[in-house]
Amino acid sequence: MSRKRKKNIIVQNLKLNGIGSLGKGFVKTDDKKIIFARYGVPGDIVDINIKKKRSSYSEGDIVQIHKQSKLRVKPKCSHFKLCGGCNWQNMIYDSQLKYKNDQAIQNLTRIGKIQIDKVLPIVKSDKQYYYRNKMEYSFSNSRWITDEEIKSQKEIKNKNALGFHKSGMWSKIIDIDKCYLQENISNKIRNYTKDLSMKLGISFFDLRKQSGDLRNLMIRTTKNKEIMVFFQIFKISNKLIELFENIIVQFPEITCLQYVINKKKNDTIYDLKPVYFYGKKYITETIGRYHFKISAKSFFQTNSFQVEKLYNIVKRFANLSGSEIVYDLYCGTGSISIFLSSYVKKIIGIEVIKDAVLAARENTKINNINNTTFIQGDVKEVLKKRNIHSQKPDVIIVDPPRNGLDKLVVESIIKSNVPKIVYVSCNSATQARDLNIFADFYNLTKSQAIDMFPQTYHVENVVLLEKNF
């Protein structure tokens with residue numbers, strides 16, 4: 001017996017009045033239930049096809065827009081909604097800023113249950129497109145087939161793709177023609193690579209069978225106009241060498257081309273050794289007056305155009321005089337430490353990734369800095385073993401991953417009695433959760449959001465905690 005299909009439940013003529021979880025538009029109904037709609041813009045009057053129903057809320061897709069919001073604009077990208085990356089590209093930028101700021105404040109006050117002494121205006125991005133310095137594309141021999149192609153009923157001969165994963169479908173890749181997130185040279189290199197690879201008969205990766213010679217393409221760019229092209233391949237061959245050589249000739253502006261052989265079932269490269277096919281081993285980015293070597297494995301803030309603004313917020317919140325000892329937890333490649341080094345007596349950075357720590361030490365040499373120390377290890381373990389009171393910090397800076405601080409890290413910071421904590425977060429929900437633990441010991445005196453990722457609901461938030469004495 002065939003499985004019965006669930007009947008569509010369509011709720012009509014709803015006016016969206018806010019932005020909720022994961023950047024979705026929502027409406028609160030007369031019975032105080034909330035309905036979320038992907039790609040909905042506050043002010044839209046819509047019909048919603050309910051896909052998921054829970055006791056306190058429902059989620060669905062917009063099937064008809066009766067009246068468009070004044071905040072709605074036409075998306076630039078032809079792949080909008082498919083890849084799920086720029087989920088706010090249909091909303092004017094000033095409104096994006098408003099809802100990002102609201103999101104950060106609401107998380108701090110609702111989840112963290114914290115009173116904020118001063119909320120500073122969100123810092124906008126001067127570049128609303130072409131702002132990313134790193135993009136990763138996947139090769140696939142089984143691309144996402146569009147509705148238009150299905151309706152045409154024509155035989156589909158070319159199923160190769162070089163692009164992004166279809167939102168919610170790990171095995172399908174959307175073939176990207178133009179992406180508006182990285183400088184246009186990235187589009188040119190990607191499209192040339194795809195076309196030439198097919199002409200040369202190089203196999204694209206099969207995500208289900210885990211086979212195929214071309215797996216992944218990463219392109220890094222800098223404000224200095226340097227370009228790194230990095231491939232993940234299954235094995236090297238004469239055809240791949242021919243591909244690489246042609247790319248270098250076609251794009252003489254490329255600084256370096258590298259590859260790694262990856263036969264694992266995932267795309268992580270931290271345990272793999274890059275092969276330097278052409279040019280230097282790294283590219284160089286400039287933040288303020290400092291220079292940073294960026295390798296294929298380096299973690300670096302994705303928006304180089306905003307990062308100096310972000311670090312200046314950290315500097316202002318810390319209110320450094322030059323005599324302070326500062327701990328920089330989750331320091332990555334040491335960019336915050338290096339940026340602040342001339343304003344402090346000493347900075348101690350802690351980071352778990354070995355390659356990042358090596359890069360941080362190398363970057364201090366490049367910039368002739370001698371008042372930084374970088375320690376490799378899990379932050380909670382390092383703080384547990386290291387007597388933090390032996391070099392009592394005046395300021396602790398934390399910039400953790402999206403899942404926030406480990407509870408043991410929070411406890412170690414509280415025990416240190418540090419006068420000031422500057423907490424940088426890319427996830428204000430986990431930031432708020434952590435701040436709730438700090439609340440008995442510290443006042444949240446300042447908070448400021450900064451837009452690092454225009455056209456998305458993501459927002460960076462910086463807070464200053466000052467000790468209750």
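**Strands, cores and exposed residues in a predicted model**

User: What makes β13 and β14 a pair of strands?

Analyst: Strand β13 (residues 256–261) and β14 are joined by four bridges in the antiparallel sense. Pairing needs at least two bridges, so the four bridges between β13 and β14 qualify them as a pair. One of the facing positions is Leu-257, which stands opposite Tyr-278 in β14. The model is predicted, and every value here is computed from it.

User: Which sheet do these strands belong to, and why is one side of β10 and of β14 left without a neighbour there?

Analyst: The sheet is open and has seven strands in the order β10-β9-β8-β11-β12-β13-β14, with mixed pairing. β10 (169–175) and β14 (275–279) are at its edges; each has a single partner strand, so one side of each has no neighbour in the sheet. On average, neighbouring strands are turned by 30° against each other, direction ignored.

User: How do you know that β9 pairs with β8 and with β10?

Analyst: Three bridges join β8 to β9, and four bridges join β9 to β10. The cut-off for a pair is at least two bridges, so β9 is paired with β8 and with β10. Both pairings are antiparallel. Toward β10, Phe-164 stands opposite Ile-174. The hairpin of β9 and β10 has two residues between the strands, and Gly-168 in this hairpin takes a positive phi near 80°.

User: Why is β9 called mostly covered?

Analyst: Five of the six residues of β9 are buried. A residue counts as buried under 20% relative accessible area, so five of the six residues in β9 fall under that value. Helix α3 (residues 185–199) lies across β9 (161–166), as well as across β8, β10, β11 and β12, and runs at about 155° to β11.

User: What makes Asn-13 exposed?

Analyst: Its relative accessible area is 51%. Exposed means over 50%, so Asn-13 is counted as exposed. Asn-13 lies in strand β1 (residues 9–15) and has phi near 50°, a positive value in a residue other than glycine.

User: Why is Lys-225 called exposed, and where does Lys-225 lie?

Analyst: Lys-225 has 63% relative accessibility; the limit is over 50%, so Lys-225 counts as exposed. Lys-225 is in the loop between β11 and β12, and its phi is near 70°, again a positive value in a residue other than glycine.

User: Which residues have the most contacts inside the largest nonpolar core?

Analyst: They are Leu-214, Phe-231, Leu-243 and Val-422, in a core of 74 residues. Helix α5 (residues 304–318) gives the largest share of this core, seven residues. Phe-231 is in contact with residues including Phe-139, Leu-214, Leu-243 and Leu-257, neighbours within four places in sequence left aside. A second, separate core has 30 residues, among them Ile-116, Ile-348, Leu-383 and Ala-432.

User: How do you know that the radius of gyration of the protein chain agrees with a compact globule?

Analyst: For 469 residues a compact globule would have a radius of gyration near 23 Å; the protein chain has 24 Å, so the two agree. The C-alpha trace spans about 70 × 65 × 45 Å along its principal axes. Of the 469 residues, 53% are buried.

Methods: Residues numbered from 1 in each chain as written. Predicted model: local features only at pLDDT ≥ 70, side-chain atom pairs only at ≥ 80, totals over all residues. Heavy atoms only, no water. Axes fitted to C-alpha atoms, helices over the stretch in contact; angles between N-to-C directions. Contact = heavy atoms within 4.5 Å. Buried < 20%, exposed > 50% of the residue type's maximum accessible area, 1.4 Å probe, protein only. Rg over C-alpha atoms; globule rule 2.2 N^0.38 Å. Core = buried A, V, L, I, M, F, W, Y, C linked by side-chain atoms within 4.5 Å.
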